[in-house]
Amino acid sequence: MYHRYMTMKAAATAETNEGVTALFHALSDPSRLTILRHLFLGEHRVVDLVAHLGLAQSTVSQHLACLRDCGLVTSRPVGRSSMFSLTQPDLVAALLARAELILAATGDAAAAHDMSASH
Ligand SMILES: [Zn+2]
């Protein structure tokens, strides 16, 4: 019984890990995080984000598409353009706050870690 439970739990964990990995991938780019954080201020058009963040329009569009595919951002048509906003501002804010707590608790070890190392 114990083992069956553990097997089911391991399978569920593997599925969950895939989802969590995909979510963290969406959050793993500095420009995407910058865009995500800026949307806490309110909904923006692509041209607004380009102006406010100093990123290239193609960069902003590409990252917004990624964030929208991941369900973190949504858009609504306004005239000829689209307004982008966060779908889960409270949850994303809580996640980012937790990430900052982990960074602080680990002495910013992740920031010093060489992410390009092969492992
Ligand atoms: Zn702005």
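Student: What share of the contacts in the chain with a separation of 6 or more comes from residues 24 or more positions apart?

Tutor: Two residues are in contact if their C-beta atoms, placed from the backbone, lie within 7 Å. Here, residues 24 or more positions apart account for 47% of the contacts with a separation of 6 or more. Keep in mind that this is a predicted model, where local features need pLDDT of at least 70, side-chain atom pairs count only at pLDDT 80 or more, and totals for chains, interfaces and linings use all residues. Residues are numbered from 1 along each chain as its sequence is written.

Student: Which elements does the chain have, from the N terminus on?

Tutor: Helices (H or I, at least four residues) and strands (E, at least two) are DSSP runs, numbered from the N terminus. This chain has six helices and two strands, in the order α-α-α-α-β-β-α-α. Its radius of gyration, taken over C-alpha atoms, is 18 Å, well over the 14 Å from the globule rule for 119 residues, so the chain is more spread out than a compact globule. That rule is 2.2 Å times the number of residues to the power 0.38.

Student: How many residues does the largest nonpolar core have?

Tutor: Start with burial: a residue is buried if 20 or more other C-beta atoms lie within 10 Å of its own, exposed if 12 or fewer, and partly exposed in between, with C-beta atoms placed from the backbone. A nonpolar core is a set of buried Ala, Val, Leu, Ile, Met, Phe, Trp, Tyr and Cys residues joined through C-beta atoms within 7 Å. In this chain, 12% of the 119 residues count as buried, and the largest core has 11 residues, including Ile35, Leu64 and Phe84. Two or more residues each come from α2 (30–38), α4 (57–69) and β2 (81–86), and α4 gives the most, with three.

Student: Is alanine 22 buried or exposed?

Tutor: Alanine 22 is exposed, because 11 other C-beta atoms lie within 10 Å. Its place is in helix α1 (residues 2–26).

Student: At what angle do α3 and α4 pack?

Tutor: Axes are lines fitted to C-alpha atoms, for helices over the stretch in contact, and angles run from 0 to 180 degrees between N-to-C directions. Helix α3 (residues 46–53) and α4 pack at about 120°, with axes 9 Å apart. Val46, Leu49 and Val50 of α3 make the contact with Gln57, Val60, Ser61 and Leu64 of α4.
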